[in-house]
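User: I have not looked at this one before. Can you walk me through it?

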Amino acid sequence: MNPLLILAACFLPLFPFSMLFNSVFARIRHPLARAVLLLAWPQAGLWAVQQAGGLPDWIVPWALATALLYAVRALSLRDAGQWTGFLATALGALVWLRPDTAIVWAFFVPLALLALITGAITTRYGAAYAGYPDALALRSPRLAAGFVVAVLVATGTPPFAGFFAWLALALTAAPEIALGLLAVWLLWSWAAIRL
């Protein structure tokens, strides 16, 4: 395997290389640092993919399987920070389907915004954890509204840019890959509702 593709698999995380990103993301606590990480990390992977030249055919199923794995794991998460990290892992894996700067920005700018809002909730309440007895919407309606909008944008809800990035991936993929993408998107929507 091309060493540049191994490097790219760390920055556009493919399982098990995704453990590196998740470990780094979990250790960084400052919201601004997390936002910068979310914007810079996939750029390094995109550069490595572009330098490697062509991609082998088996990368796409591996990327889709990684995205499905993290989508399923997200269904049980209640911590918004960890949820953001898992979504970043899944979306980074999906960039392999179409390694394009516009796709990276459409996926990761909303995640950086979500990291900042999650940080604000953590600063104010000690944690950003779904299921607190005192609902965030009652205590801080504006912050809750910002959080909800950020989650909707990050999960590719129309009419936001992420939705069109998902659509671009699905329309250019083979039918079985497009069905897998739809499954990932539906799982993330379900995980967002649970969160």
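This is a predicted model: local features need pLDDT of at least 70, side-chain atom pairs count only at pLDDT 80 or more; totals for chains, interfaces and linings use all residues.

User: Which residues touch the most other members of the largest nonpolar core?

Analyst: Trp83, Leu94, Trp96, Phe107 and Trp188 do, in a core of 64 residues. The largest share of this core, 10 residues, is supplied by helix 6 (residues 101-125). A nonpolar core here is a set of buried Ala, Val, Leu, Ile, Met, Phe, Trp, Tyr and Cys residues joined through side-chain atoms within 4.5 Å. Helices are DSSP runs (H or I, at least four residues), numbered from the N terminus.

User: And what is Phe107 in contact with?

Analyst: Setting aside neighbours within four places in sequence, Phe107 is in contact with Leu91, Leu94, Val95, Gly162, Ala165, Trp166 and Leu169. Contact means heavy atoms within 4.5 Å.

User: How many aromatic pairs are there in the whole structure?

Analyst: The search finds nine. Rings of Phe, Tyr and Trp (its six-membered ring) pair if their centres lie within 6.5 Å; planes under 30 degrees apart count as stacked, over 60 as edge-to-face and the rest as tilted. Trp83 and Trp188 form an edge-to-face pair, because their ring planes are at 85°, with the centres 5.3 Å apart. That pair links distant parts of the chain, 105 residues apart: Trp83 is in helix 5 (residues 80-94) and Trp188 in helix 10 (residues 175-194).

User: Is Trp83 buried or exposed?

Analyst: Trp83 counts as buried, because its relative accessibility is 0%. Trp188 is buried too, with a relative accessible area of 0%. Buried means under 20% relative accessible area, exposed over 50%, and partly exposed in between (1.4 Å probe, protein chains only).

User: Which rings make a cluster?

Analyst: Ring pairs link Phe11, Phe21, Phe25 and Trp41 into one. Trp41 sits in helix 3 (residues 31-52) and is buried at 12% relative accessible area. Not counting residues up to four places away in sequence, Trp41 touches Cys10, Phe11, Leu20, Phe21 and Val24.

User: What does Thr89 touch?

Analyst: Beyond residues up to four places away in sequence, Thr89 touches Pro13, Ser18, Phe21, Asn22 and Tyr70. Thr89 belongs to helix 5 and is buried, with 0% relative accessible area.

User: New topic. Which peptide bonds are cis?

Analyst: The bond from Phe15 to Pro16 is cis, with omega near 10°. Pro16 lies in the loop between helix 1 (3-11) and helix 2. The bond from Pro158 to Pro159 is also cis, with omega near 10°, and Pro159 is in the loop between helix 8 (141-154) and helix 9 (161-172).

User: What about the surface, which residues make a nonpolar patch?

Analyst: Phe15, Met19 and Leu69 make one of about 270 Å². Met19 is in helix 2 (residues 18-27). Patches are made of residues with over 30% relative accessible area and no salt bridge, with like charges joined within 9 Å and nonpolar side chains (Val, Leu, Ile, Met, Phe, Trp, Tyr) within 5 Å. A salt bridge is a side-chain nitrogen of Lys or Arg within 4 Å of a carboxyl oxygen of Asp or Glu. Accessible areas come from the Shrake-Rupley method with a 1.4 Å probe; for residues, only the protein chains shown count as cover.

Technical notes
Residues are numbered from 1 along each chain as its sequence is written. Side-chain values use heavy atoms; hydrogens and water are left out. Helices (H or I, at least four residues) and strands (E, at least two) are DSSP runs, numbered from the N terminus.
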